[in-house]
Amino acid sequence: DYFMKKHFWRIEYSITLFVVFAIILMFIPTKFIAAKEATYISMWNETINKMEYVFSAMNAHSDSDILKGLKSAKDDAQREQLMMSLVKPYLRISESNMLQKKSYQPKYMNGKVVKPNDRYYFDKLYLTKNNKVVGFKDIKDEDVFHPVFLMMFDMNGVKGPNVWGKDIFGLNIFIDGNLSPIGSGWSINELKSDCSSDGTGVGCSHYYRIGGEINE
């Protein structure tokens with residue numbers, strides 16, 4: 001009888017350890033992923049600060065050839081070339097750093113693949129010296145209240161998850177040299193809805209900037 005009780009005690013003890021271990025395994029990935037995303041958000045905030053510095057320096061010299069060129073460029077190719085000339089020293093990129101699209105396929109937060117006809121699809125992507133992926137897109141609009149450029153930044157480069165709102169964020173750039181995170185001007189409800197597993201995640205660029213909570 002003593003040995004039977006001891007045997008059952010060992011079984012119960014083993015089961016308890018197994019259950020505890022399983023619970024720990026369930027929570028570790030979630031916490032680990034959240035920590036990584038918090039790091040990407042911190043990197044995103046640093047990137048915005050750097051870009052704000054770049055464009056404030058440009059605005060301080062409003063008679064610069066680049067600014068004049070952006071306003072009078074004849075086509076998107078010329079504007080993109082001028083934009084490259086402006087930001088490449090700060091982002092440490094060049095034309096030779098263009099990324100092969102086959103090795104990189106961004107997705108939205110809801111799991112859908114970003115398609116070529118989408119607003120947030122970037123045909124030209126570059127890999128920076130510190131392994132970020134940077135994209136430029138000309139969307140010139142004659143209305144000064146709408147952006148003329150979109151920029152995207154993947155905080156950890158070609159490594160996964162390559163998802164908007166997780167490790168990919170973006171900026172609107174205006175003809176006067178001002179910029180804002182994508183999602184700026186949206187209502188808080190719109191931001192919360194988009195920065196979720198049901199949304200695209202592009203609005204997270206502004207949502208996290210204003211202190212929104214990480215969607216787990």
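Student: Of the contacts in the protein with a separation of 6 or more, what percentage comes from residues 24 or more positions apart?

Tutor: In this predicted model, residues 24 or more positions apart account for 54% of those contacts.

Student: How many helices and strands does the protein have?

Tutor: There are five helices and five strands in the protein.

Student: And which pattern do they follow along the sequence?

Tutor: The order is α-α-α-β-β-β-β-β-α-α.

Student: Changing topic: how many disulfides does a search of the whole structure find?

Tutor: The search finds one disulfide.

Student: Which residues form the disulfide, and how far apart are their sulfur atoms?

Tutor: The disulfide joins C195 and C204, with 2.0 Å between the two sulfur atoms.

Student: Why is the disulfide of C195 and C204 right-handed?

Tutor: The disulfide is right-handed because the torsion about its S-S bond is about 110 degrees.

Student: Is C195 buried or exposed?

Tutor: C195 counts as buried because its relative accessibility is 3%, and the cut-off for buried is under 20%.

Student: What is the relative accessible area of C204, then?

Tutor: The value for C204 is 0%, so C204 is buried as well.

Student: What percentage of the residues of the protein count as buried?

Tutor: The protein has 216 residues, and 41% of them count as buried.

Student: Last topic: what does the accessible surface of the protein come to, and what share belongs to carbon and sulfur atoms?

Tutor: The accessible surface is about 12,700 Å². Carbon and sulfur atoms hold 57% of that surface.

Note on methods
Residues are numbered from 1 along each chain as its sequence is written. This is a predicted model: local features need pLDDT of at least 70, side-chain atom pairs count only at pLDDT 80 or more; totals for chains, interfaces and linings use all residues. Side-chain values use heavy atoms; hydrogens and water are left out. A disulfide is a pair of cysteine sulfur atoms within 2.5 Å. Buried means under 20% relative accessible area, exposed over 50%, partly exposed in between (1.4 Å probe, protein chains only). Helices (H or I, at least four residues) and strands (E, at least two) are DSSP runs, numbered from the N terminus. Contact means heavy atoms within 4.5 Å. Accessible areas come from the Shrake-Rupley method with a 1.4 Å probe; for residues, only the protein chains shown count as cover.
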